[in-house]
Amino acid sequence: MSGLDERSLNNSEVGLGGSRLGRKRVWIPAALLALFLGGLLIAWLARESIADDFIADQLAVYDLPATYEIERIGGRRQILRDVVIGDPDAPDFTAERVEVHIRHRIGTPVIERVILTKPRLFGTWRNGELSFGTLDRFLFAPSDEPPGLPDLNVAIRDGRGLIESDYGPVGFKLEGQGNLASGFAGILAIAAPRLAVADCSLDGATLFGKIETSAGVPQFSGPLRLGEAACPEAGLSVQRFAANIDAQSDAGFERFGGDAEFESAGLRYGEYLASGSNGRVRASWRAGVLDTDHMIALRGARGPQALAALLTVDGTLRARDGSAEFETRNDIEGNGLRPGPGFESAMNSLS
């Protein structure tokens, strides 16, 4: 009997729940779900505006004039096409496609990864200053952070650029991917058809090799080629110069250093000539001062007073103020020495 009363009581409670409380438990979640779905629908319909506002806000921070087309908008991935920054008639940067991966967090979202397809960068080097136009507001903006490469994952596909300098145009191409501060790996190629510095000129200069970053430090390794270097007033010329370079910079791009092994065809300095050369050099540059430790072997060396089958120069050089001032110390040795035409002429005049 008590069991039946208990079951009857339970059934009565269930019946009350189904008739009143049960409806509230169903209605409240349904209302929240409706609001949630409605919010998602509104966000989906306004997704392009939301993304555009986010991108526009990022550009507005640095006052960068830009135009672009939105190809795709997603919660964590946005794709832009035909991006132009700067004056459309003379842009500072363009890209066929920019894919931005966004990481959401409490507060403002952050850019986690950027994929650039066919980016083009245009800059100038005037009076010793590098500029990329309106991009300077972003690239050289004041910051409390120490100088260095940004902690950003980037992929660059068919990237190219041109820098117009006081010495001549310099073009470059870059492809690679990874974290710019540490872990980026790619290929860099630089070409300068003709550069002129004071009375000196460089023709057919090219640089090609691997570029990597590790712990904030960029490194490069690869060959340098030069068709001809000439300083007519000094009577200096070098033909077909080639070098394999290993170079690096500090994180703040204030100090540079590297090693190179090189060879060349004909050399001339005033009345002194050589049919070819090879050697090595270790160099560093900081605060406008260039220091080198070098060993040079000259083949078929000729001078007014002496000829040598092989002449070696082992020493150091320090240059300041753009090589306007320099000092050098060298030990010179010669093999296969014999008198030169000037020495023989002097001896003949005494006889």
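A negative surface patch is formed by Asp-293, Asp-314, Asp-331 and Glu-333. This is a predicted model, in which local features need pLDDT of at least 70 and side-chain atom pairs count only at pLDDT 80 or more, while totals for chains, interfaces and linings use all residues. Residues are numbered from 1 along each chain as its sequence is written, and side-chain values use heavy atoms, with hydrogens and water left out.

Q: Which residues can belong to a patch, and where does Asp-293 lie?
A: Patches are made of residues with over 30% relative accessible area and no salt bridge, with like charges joined within 9 Å and nonpolar side chains (Val, Leu, Ile, Met, Phe, Trp, Tyr) within 5 Å. Asp and Glu count as negative, Lys and Arg as positive, and His and the chain ends are not counted; the place of a charge is taken as NZ of Lys, CZ of Arg, CG of Asp or CD of Glu. Accessible areas come from the Shrake-Rupley method with a 1.4 Å probe, and for residues only the protein chains shown count as cover. Asp-293 lies in strand β16 (residues 289-302), where strands (E, at least two residues) are DSSP runs numbered from the N terminus. Buried means under 20% relative accessible area, exposed over 50%, and partly exposed in between; with 34%, Asp-293 is partly exposed.

Q: What is a salt bridge, and how many are counted here?
A: A salt bridge is a side-chain nitrogen of Lys or Arg within 4 Å of a carboxyl oxygen of Asp or Glu, and the count by this rule comes to 14. In one of them Arg-97 pairs with Glu-71, their closest N and O atoms being 3.5 Å apart. Because Arg-97 lies in strand β3 (residues 90-103) and Glu-71 in strand β1 (residues 66-73), the pair ties together parts that are 26 residues apart in sequence.

Q: With which residue does Lys-118 form a salt bridge?
A: The partner of Lys-118 is Glu-96, with the closest N and O atoms 3.8 Å apart. This pair links distant parts of the chain, Lys-118 being in strand β4 and Glu-96 in strand β3, 22 residues apart.

Terms used:
Helices (H or I, at least four residues) and strands (E, at least two) are DSSP runs, numbered from the N terminus. Buried means under 20% relative accessible area, exposed over 50%, partly exposed in between (1.4 Å probe, protein chains only).
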